[in-house]
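Here is a briefing on a predicted model. It covers pockets first, then the metal site.

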Amino acid sequence: MEEPKIIQEFNLADTPPKSIRHYWVELITDGMNNPMRVPIMVARGAQDYPILGLTAAVHGNELNGIPVIQRLFSEIDINELKGTIVGVPVVNIPSFIRKKRRFNDGVDLNHIMPGKENGNVSQVYAYRFFQKLVKHFDYLLDLHTASLGRVNSYYVRADMKHPVTRKLAMLQGAQLIVHNPPSDGTLRGAAHAIDIPAITLEVGNPNTFQRKMIKSGIIGVDNVLSYLEMTDDEIEMPAVPTVICEKSYWIYTDVGGLLRVHVDLMQAVKKGDLLASMRDIFGNLIKEYFAPEDGVVIGKSVSPVNQTGGRILHLGIVK
Ligand SMILES: [Zn+2]
């Protein structure tokens, strides 16, 4: 592999047909006037389209997507590929370096997409990222994980009323899909707004590489490549069918203290089941939390110390 070239914007013509190239895309300059560059991997097959975009670490501490992209590229048969794959292993450069979720001005990049041309620090970063990369894609898979102090099942957020995003979601073979119309400000929503079908993959836990999660992520991306006829591989579906939730929400604590969550990821709960208990620092029970309705546990807190308003668990409601 030759030294990655520095470029200003993704341009299909930079990569010869049937080859893989790495690039640094210049986005902004930092306070030293040094360039801040996003790494991209491009695999251009025998035919140019469609262009499938894969993005990871929009939240700087969400790492499982990085090896998914790396492994995918290491396994591509470039002579058989039809179309182009663009992998962005890290979107949020300053926060990846600091191992933080939010951008370095404290803003969540996944709330301000597609950014603003003459905006503030995070807005202009989001804008240039979107213009230089995302707008060139025909499809987008955005890879995330749970946030710090929480754990997730392997789940997908997608608009299940849109036929293409529904299909992309089903192909992931995830444990769970949450129907979620593309909401404003997310990368998924901004892509959707310019007619790029996009889904969000929540691949496990932050700040770590999880082998099983990474493997599941790769199978899902491979399935999408087959579905888009970019490869001739067979679609591989999991033995356990995906649970589809029509909606989901978080349950929060209404007092502070030391929280213990008693249910497991993917556990089905019935209305009235004990979910969690809160104790004070002397060990006295302050409060118990019960399931408000039947559902399934998508994600949960693993962080005991909670102020009033702490997250307990993410409950999915199955149709
Ligand atoms: Zn995220």
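The second largest pocket has a volume of about 440 Å³, the space filled by probe spheres set on grid points joined across faces, edges and corners. A pocket is an open set of points on a 1 Å grid over the protein atoms alone, where a 1.4 Å probe fits, with protein on both sides within 12 Å along at least five of seven lines; lining residues have an atom within 4 Å of a point.

**Second largest pocket**
- Its lining has 17 residues, with Tyr154, Gly173, Gln175, Lys212 and Ser216 closest to the centre.
- Helix H6 (residues 211-227) contributes the most, five residues; helices are DSSP runs of at least four residues, strands of at least two.

**Largest pocket**
- The largest pocket has a volume of about 570 Å³.
- It is lined by 24 residues, and Arg101, His111, Ser147, Arg157 and Glu202 lie nearest its centre.

**Zinc site**
- The zinc ion is coordinated by His59 (ND1), Glu62 (OE), Glu62 (OE) and His144 (ND1), at 2.0 to 2.6 Å; donors are N, O and S atoms within 2.8 Å of the metal (3.2 Å for Na, K and Ca), and water is not among the atoms, so sites may look incomplete.
- The donor residues are spaced H-x2-E-x81-H in sequence.
- His59 lies in the loop between strand E4 (47-56) and helix H1 (65-75) and His144 in strand E6 (residues 139-144), so the pair ties together parts 85 residues apart in sequence.

**Basis**
- Residues are numbered from 1 along each chain as its sequence is written, and side-chain values use heavy atoms, without hydrogens and water.
- Local features need pLDDT of at least 70, and side-chain atom pairs count only at pLDDT 80 or more, while totals for chains, interfaces and linings use all residues.
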